[in-house]
Amino acid sequence: MRTPCVNDDILDKLVRAGKIAGEAREFAVENVRTGGSALELVEAVEELIRSKGAECAFPVNIGVNEVAAHYTPSKETDITFRIGDVVKIDIGAHVDGYPGDTAATVEVGTRNHSAMVEAAESALEMCIEMVSPGTTVSAMGGVIERAITGAGFKPIQNLTGHSMERFNLHAGLSLPNIKNRDRSAIKEGMILAIEPFSTTGKGKVDGGSKGGIYRLMRDRRAPPEISTLFSRIQSSFGGFPFAGRWCDDLHPQVSTLLPKMVRMGMIMSYPILIEAGKGAVAQAEHSVLVNAAGCLVLTR
Ligand code: CO
């Protein structure tokens, strides 16, 4: 369990963040039901994360059917779960900036897509098994690709897992769902979010409309109300993504100021990622800490 690259204080924070993210994922999986509101679900999940002493590392992402990632509901854009929906729930928690990122897929009331969901889950387990110092990014992608194609589905080739650091969800290493040419090696002490995506579609996502998730870009000379909101966002969420609905308390005009800040390049708004062939998509994800023996799964 001990990892020399990570001191006990950091390890403790990573373990707590991962455990809370995992508990939040299980709560979410149990509470997706026909007729349920996605907004009510994500608000309950985010509240659970905070009640356990962590903060959200990003807004809970809900991906229904062909929507793969980057949608979070708001009052204006809420959706209701319908029977047969394939629902991905992607959750991030952090303790003092140390993140845990985890996801699961539930099919609402039917079992038409169990094999696709299991393909993503077993690809994740096989990849976790092989992670240790020296494993290459390319080899991890190859294992994921073979597990998913072997089950009769396609991996999504332009979505990846990622290395993480304190207050940083994308610390430089991208972990593909396919065998690519990246010979970079995994190192002890790295925190990795491994997240295979399987689909019945084309195996690719395209960007759609904006999904209600933002990230700070750069401070710029701006009218005072915008500068105030910028610094409040910075102190509330740091470098982590945030939801428009989290900003209601930060400024009375937030709904008009956020679009202005996007146009000024001070924040960016993530497009919703949609499967190119409108195929159903499943996702499984855990965060792991690489140690000498292999890795410690943080989000079980
Ligand atoms: Co992730």
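Figure 1. Aspartate 206 has isoleucine 274 of S12 as its bridge partner. The model shown is predicted: local features require pLDDT of at least 70, side-chain atom pairs count only at pLDDT 80 or more, and totals for chains, interfaces and linings use all residues. Residues are numbered from 1 along each chain as its sequence is written, and side-chain values use heavy atoms, with hydrogens and water left out. Strands (E, at least two residues) are DSSP runs numbered from the N terminus, and two strands pair if DSSP finds at least two bridges between them. Strand S12 (residues 267-275) and S10 are paired in the antiparallel sense over 7 bridges. S10 also pairs with S11, again in the antiparallel sense, over 2 bridges. Here isoleucine 213 stands opposite alanine 243 in S11.

**Figure 2. Stacked rings of tyrosine 214 and phenylalanine 242.** The structure holds 4 aromatic pairs. Rings of Phe, Tyr and Trp (its six-membered ring) pair if their centres lie within 6.5 Å; planes under 30 degrees apart count as stacked, over 60 as edge-to-face and the rest as tilted. The pair of tyrosine 214 and phenylalanine 242 is stacked because the ring centres are 5.7 Å apart and the planes stand at 20 degrees. Since tyrosine 214 belongs to strand S10 (residues 205-216) and phenylalanine 242 to strand S11 (residues 242-243), the pair ties together parts that are 28 residues apart in sequence. Tyrosine 214, at 14% relative accessibility, counts as buried, as does phenylalanine 242 at 1%; buried means under 20% relative accessible area (1.4 Å probe, protein chains only).

**Figure 3. The aromatic pair of phenylalanine 237 and tryptophan 246.** This pair is tilted, with 5.5 Å from centre to centre and 45 degrees between the planes. Both phenylalanine 237 and tryptophan 246 are buried. Ring pairs join Tyr214, Phe237, Phe242 and Trp246 into a cluster. The charged end of arginine 50 sits over the ring of tryptophan 246, 5.5 Å from its centre; the criterion is that CZ of Arg, or NZ of Lys, is within 6 Å of the ring centre and within 35 degrees of the ring normal.

Figure 4. Histidine 162 in strand S6 (residues 160-164) and glutamate 285 in the loop between strand S13 (281-283) and strand S14 (286-291) are 123 residues apart. Histidine 162 is buried at 2% relative accessibility, and glutamate 285 is buried with a relative accessible area of 1%.

**Figure 5. The open sheet that includes strand S6.** 5 strands, in the order S7-S6-S8-S14-S15, form this sheet with antiparallel pairing. Strand S7 (174-176) and strand S15 (294-297) are the edge strands, each pairing on one side only. S6 and S7 pair over 3 bridges in the antiparallel sense, and threonine 160 has proline 176 in S7 as its bridge partner.

Methods:
Helix = DSSP H or I, 4+ residues; strand = E, 2+ residues; numbered from the N terminus. Buried < 20%, exposed > 50% of the residue type's maximum accessible area, 1.4 Å probe, protein only.
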